[in-house]
Amino acid sequence: MHRRRLIRVPASSANLGPGFDAFAAAVAFHLDVEVEETGTFAVETDLPVPRDRSNLLVRAFERLAPADGLTFRVSSTIPMSGGLGSSAAAVVAGLVAADHLFELDADLLALATEIEGHPDNVAAALRGGFVVCADGDAVRFDPPDALEALVVVPGEAVHTAHARQALPATVPMADAVFNVAHGALLMLGLATGDLDLVGRGLADRLHQPHREPLYPRSAEIVREARSLGAIGATISGAGPTVLVWTTVEQAFGVHAALQQRARGWATVHRASFEPVGADVREL
Ligand code: HSE
């Protein structure tokens, strides 16, 4: 039998301010992969990624099944400077493709977390919406209707591994307390649709201040976002991308203000929160 599958996986923004390695949201950029039994192993893509078996998507696939005889056609609209879960999307796409093609019913969240090293991005990519990761599980809920997102994507990339090295091994108790309080405000705000609480809940002391020297201009956008008319902003994942949180009504004006601020070093995109997670179609 000649099998062919289409897999679509969303981008994701992790941490959401106070939820380091625990909170994430799916964002409406997508990685698409068509996997076809052609009899020849190949990776066909215009993306700047390996086309041999060291390709991350193929490596994830091969955690579940050999990729012999399969052709992977990969395209993506996910910005690759860092912070929008492009690697998580590749890992999830590879795992979902193998799981579906070979009807394995594997624990994809556990495997993806192991490959990626942290659960937040892969959970949002798999499930869509907002996720809270704890105890090896991800609790998912829908984005509030009134909420919109914009992303500021710097041209200069930062590697997640490098940004993780910037973090201290221990944190002061006062900072931990601060993040517990603000993470709770954020989740209460999202659950009840109270966007004032969402705005207050975006503050963080565990990771953003330590990473600021890696991307001072991104950090400045996070600080200025409210004065530009947004609800607030967070460093997206490990950065350097910034996730700017707005209402649907504010989005146009905030977009224009951000474009001025980003001129010459970053691009600004409208990117809604995405309720739909990884999806497979049989062809
Ligand atoms: N929680 C991870 C980090 C996300 O901040 O390092 C990486 O995308």
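Predicted model: local features only at pLDDT ≥ 70, side-chain atom pairs only at ≥ 80, totals over all residues.
Some ground rules come first: local features need pLDDT of at least 70, side-chain atom pairs count only at pLDDT 80 or more, and totals for chains, interfaces and linings use all residues. Residues are numbered from 1 along each chain as its sequence is written, and side-chain values use heavy atoms, with hydrogens and water left out.

A nonpolar core here is a set of buried Ala, Val, Leu, Ile, Met, Phe, Trp, Tyr and Cys residues joined through side-chain atoms within 4.5 Å. Buried means under 20% relative accessible area, exposed means over 50%, and partly exposed is in between (1.4 Å probe, protein chains only). The largest such core has 66 residues, and Leu31, Val33, Phe61, Phe72, Leu186 and Trp245 touch the most other members. Helix H2 gives this core its largest share, 11 residues; helices (H or I, at least four residues) and strands (E, at least two) are DSSP runs, numbered from the N terminus. At least three residues of the core come from each of domain 1 (4–142 + 274–282) and domain 2 (147–270), with bounds taken from an automatic or database domain assignment. Apart from this core lies another, of 20 residues, with Tyr215, Ala230, Ile235 and Val244 among them. As a general point, nonpolar side chains in soluble globular proteins tend to be buried together.

Setting aside neighbours within four places in sequence, Phe61 is in contact (heavy atoms within 4.5 Å) with residues including Pro66, Leu70, Phe72, Leu95, Leu101 and Phe102.

Helix H4 (residues 120–127) is tucked away too: seven of its eight residues are buried, so the rest of the structure largely encloses it. The buried ones are Asp120, Asn121, Val122, Ala123, Ala124, Ala125 and Leu126. Their cover includes strand S1 (4–14), strand S2 (23–37), helix H2 (86–101), helix H3 (108–116), S5 and strand S6 (137–141). After H4 comes Gly128, whose phi is positive, near 75 degrees.

Next come the aromatic rings. Rings of Phe, Tyr and Trp (its six-membered ring) pair if their centres lie within 6.5 Å; planes under 30 degrees apart count as stacked, over 60 as edge-to-face and the rest as tilted. The whole structure holds seven aromatic pairs. In one of them, the rings of Phe130 and Trp245 have centres 6.1 Å apart and planes at 40 degrees, so the pair is tilted. Phe130 belongs to strand S5 (residues 130–134) and Trp245 to strand S9 (residues 242–247), so this pair ties together parts 115 residues apart in sequence.

Elsewhere, ring pairs link Phe41, Phe61, Phe72 and Phe102 into a cluster. A charge sits over a ring if NZ of Lys or CZ of Arg is within 6 Å of the ring centre and within 35 degrees of the ring normal. By that rule, the charged end of Arg3 sits over Phe102, 5.0 Å from the ring centre, and that of Arg53 sits over Phe41, 4.4 Å from the centre.

Glu37 is in strand S2 and Arg3 in the segment before S1, 34 residues apart. Arg3 counts as buried at 18% relative accessibility, while Glu37 counts as partly exposed at 22%. Glu220 bridges to Arg261, with the closest N and O atoms 3.2 Å apart. Glu220 lies in helix H9 and Arg261 in helix H10 (residues 251–262), so the bridge ties together parts 41 residues apart in sequence. Finally, bridges that share partners join Arg4, Glu34, Glu36, Glu44 and Arg73 into one network.

Key: Salt bridge = Lys/Arg side-chain N within 4 Å of Asp/Glu carboxyl O.
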